[in-house]
Amino acid sequence: MTASATEKQEGDERPQGSSPKNIVALCARCFERGGKGEGKNRSTILLHTTDEDHHVARMAAVALGLTILEGAIPSPLPGVKPGLANIVTLIVLARYGWRTAVWVSLLRVFAGSLLFGNFLTPGFFLGLSGALFSLLVLAFARYLPSRWFGPVSHSIYAAFAHIGGQMAVVYLWLIPSAGIAYLIPLFATAALLFGAVNGLIAARFMDDAKNQ
Amino acid sequence: MVVLQHIRLGDWLTLVMGGACIIFLVMKLWSGDLADKAVIRSGGKVFLEVTLSKDQQIEVPGPLGISVITIKDRKARIASDPSPRQYCVRQGWLQQAGEVALCLPNQVSVELTGSHKRYDSLSY
């Protein structure tokens, strides 16, 4: 954990594109333009955000972008998706720790469902249960010795957990019959394949960032 | 291959374990042990072939009266039958491919079929 903590401080010192001050100034300007003269007693609600909040938001935004990108890819079987947004979760996990990864992942699920308009639908609960199960597994997987186990392992474990969580919801709530069992080998193959690919992409990204 | 250098020793282990897991799942779930259709016969002729994925009740007429067959949760059973000894009713739920319930007096039978047909006996 010490390694990630020092890295985090370095990250915080980087010049931030949208620091809190900029946002406040922007808001003040908006208000001035909106209510000429009348807005003397205007009140502004100001949320005090830390640099970490900004970082989480930025990472969640990248994950959301990948989710939308992925929505454009046709899938032969509903439910088989590459899960590109998990690349972001993996990078955040490796660099900033598990708590930040939970924030980014859950923000992505909630904001993504609002964007796609499926908040509180079965599809949303499938995604949520998948995300929660993978985060749970990642909580343990990150303690694997990093000498031998890298992002590829984390990604594969998380992908299998994702499928497991979704299957649990499907079986216990949506379709309580054995029929879904026929599809499990397909889902598991997709999990292994996409898990490995996502892990490789995440490892590659972190490698590039280290070399710069 | 530049990409492969990111796969560490344990990652290979994870990949192999994942592959083994998939092979196990394929053998367990695609071996055809789970039945997917029920063949209902009456008087020696096929009366109806139904899928097990839809829950329903089917009434089959026979010489003694009507046998009622229930299909629920990918299982099938004969719910009621006019036969005197009720053997086929007492047999209960059928789930595996190859399982049969016979109501001989009423000449009604239910047989489950899957992608593979299992033997009910072998002799040398």
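In what order do the elements of chain B run from the N terminus on? They follow the pattern α-β-β-β-β-β-α-β-β, which comes to 2 helices and 7 strands. Here helices (H or I, at least four residues) and strands (E, at least two) are DSSP runs, numbered from the N terminus. The structure is a predicted model, in which local features need pLDDT of at least 70 and side-chain atom pairs count only at pLDDT 80 or more, while totals for chains, interfaces and linings use all residues. Residues are numbered from 1 along each chain as its sequence is written, with chains lettered from A and ligands numbered from 1 in the order in which they are written.

Chain A is built from 8 helices and 0 strands, so its pattern along the sequence reads α-α-α-α-α-α-α-α. Of its 212 residues, 33% are buried; a residue is buried if 20 or more other C-beta atoms, placed from the backbone, lie within 10 Å of its own, exposed if 12 or fewer do, and partly exposed in between. In chain B, 25% of the 124 residues count as buried. Contacts, meaning pairs of residues whose C-beta atoms, placed from the backbone, lie within 7 Å, can also be sorted by separation along the sequence. Among contacts with a separation of 6 or more, residues 24 or more positions apart account for 73% in chain A and for 35% in chain B.

The buried residues of α3(A) are A:His55, A:Val56, A:Met59, A:Ala60, A:Ala63, A:Leu64 and A:Thr67. An α-helix has 3.6 residues a turn, so residues three or four places apart point the same way.

Helix α3(A) packs against α5(A) at an angle of about 45 degrees, with the axes 8 Å apart. Axes are lines fitted to C-alpha atoms, for helices over the stretch in contact, and angles run from 0 to 180 degrees between N-to-C directions. The two helices are therefore oblique to each other; angles under 35 degrees count as roughly parallel, over 145 as roughly antiparallel, 65 to 115 as roughly perpendicular and the rest as oblique. The crossing of α3(A) and α5(A) is right-handed, a term used when the near helix is turned clockwise from the far one by less than a right angle, left-handed being anticlockwise. Residues making this contact include A:Val56, A:Met59 and A:Ala60 of α3(A) and A:Trp103, A:Val104 and A:Leu107 of α5(A). By class, the contact has 12 nonpolar, 4 polar and 1 charged residues, where Ala, Val, Leu, Ile, Met, Phe, Trp, Tyr, Cys and Pro count as nonpolar, Asp, Glu, Lys and Arg as charged, and the others, Gly among them, as polar.

Helix α5(A) also meets helix α4 (residues 85-96) of chain A, at an angle of about 160 degrees and with the axes 7 Å apart. These two helices are therefore roughly antiparallel, and their crossing is right-handed. Among the residues in contact are A:Val88, A:Val92 and A:Tyr96 of α4(A) and A:Trp98, A:Ala101 and A:Ser105 of α5(A). The contact of α4(A) with α5(A) divides into 8 nonpolar, 3 polar and 1 charged residues. A:Ser105 is also 8.7 Å from A:Leu132, C-alpha to C-alpha, although 27 residues separate them in sequence. A:Leu132 lies in helix α6 of chain A and counts as partly exposed, with 17 C-beta neighbours inside 10 Å.

Between the chains, 21 residues of chain B are in contact with 23 residues of chain A. The chain B side has 11 nonpolar, 6 polar and 4 charged residues. Helix α8 (residues 184-211) of chain A and helix α1 (residues 9-29) of chain B pack at about 170 degrees, with their axes 9 Å apart, and are therefore roughly antiparallel. Their crossing is left-handed. The residues that meet include A:Ala188 and A:Leu192 of α8(A) and B:Ile22 and B:Leu25 of α1(B). This contact has 11 nonpolar, 3 polar and no charged residues.

Note on methods: Contact = placed C-beta atoms within 7 Å.
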